[in-house]
Structures are given as structure tokens and as C-alpha cells.
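This report describes helix packing and side-chain contacts in the model shown below.

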Amino acid sequence: MRRWSSSIATNIAEGCGRGTDPDFKRMLQIANGSASEVDYQLILASDLGYINKKEVEKLQTQILEVKRMLGSLINKLK
């Protein structure tokens, strides 16, 4: 889960370094996909009993906020 969550920021940073809006937008979309992976891994961890539902809900709220911010930035680049 740490790898997926760190890849969100890594993809954003890589997109910034690419130098063009289309490249940046693509990397933001990839970061959004990484956020979805983290969301799924939370569900799986909960189903397997590694994390409680209350903690999952808290983290999913934060993931949703990250995805909203990414979506907003992606829309500005269109």
C-alpha cells in the first residue's frame, strides 16, 4: 500500500518535469489511477481483517479528496 500511495506523488512530480501540459495531464491521470489502487487495497485489507472499517472510511475520505483535486487539475489542463 505504501508503494501505491507514494506513486501518486511520484507521478505528479514526473508530470511536472515533463514540460508540456499534455504530458502533465497524462501523469495526473496515472496518479489518479494509483489513488484508485490504494482505495482498492484498503477494501481488500479490510476484508482480510488487517484494518478496521472505521479507519478504512477515514482513509477513503482522504483518497476521495486527493482524487477530486487531481480531477480539478486535469480539467484545468483541457
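## Helix packing and core

Helix 1 and helix 2 are roughly antiparallel to each other, because angles over 145 degrees count as such. Their axes come within 8 Å and cross at roughly 180°; axes are lines fitted to C-alpha atoms over the stretch in contact, with angles from 0 to 180 degrees between N-to-C directions. Helices are DSSP runs (H or I, at least four residues), numbered from the N terminus. The model is predicted: local features need pLDDT of at least 70, side-chain atom pairs count only at pLDDT 80 or more, and totals for chains, interfaces and linings use all residues. Residues are numbered from 1 along each chain as its sequence is written, and side-chain values use heavy atoms, without hydrogens and water.

The largest nonpolar core has 12 residues, among them Trp4, Phe24, Leu42 and Ile74. Such a core consists of buried Ala, Val, Leu, Ile, Met, Phe, Trp, Tyr and Cys residues joined through side-chain atoms within 4.5 Å, where buried means under 20% relative accessible area, exposed over 50% and partly exposed in between (1.4 Å probe, protein chains only).

Helix 2 gives the largest share, six residues. Beyond its neighbours within four places in sequence, Leu42 is in contact (heavy atoms within 4.5 Å) with Met1, Ile51, Val56, Leu59, Gln60 and Ile63.

Tyr40 also lies in helix 2 and is partly exposed, with a relative accessible area of 45%.

Definitions and conventions
Helices (H or I, at least four residues) and strands (E, at least two) are DSSP runs, numbered from the N terminus. Angles under 35 degrees count as roughly parallel, over 145 as roughly antiparallel, 65 to 115 as roughly perpendicular and the rest as oblique.
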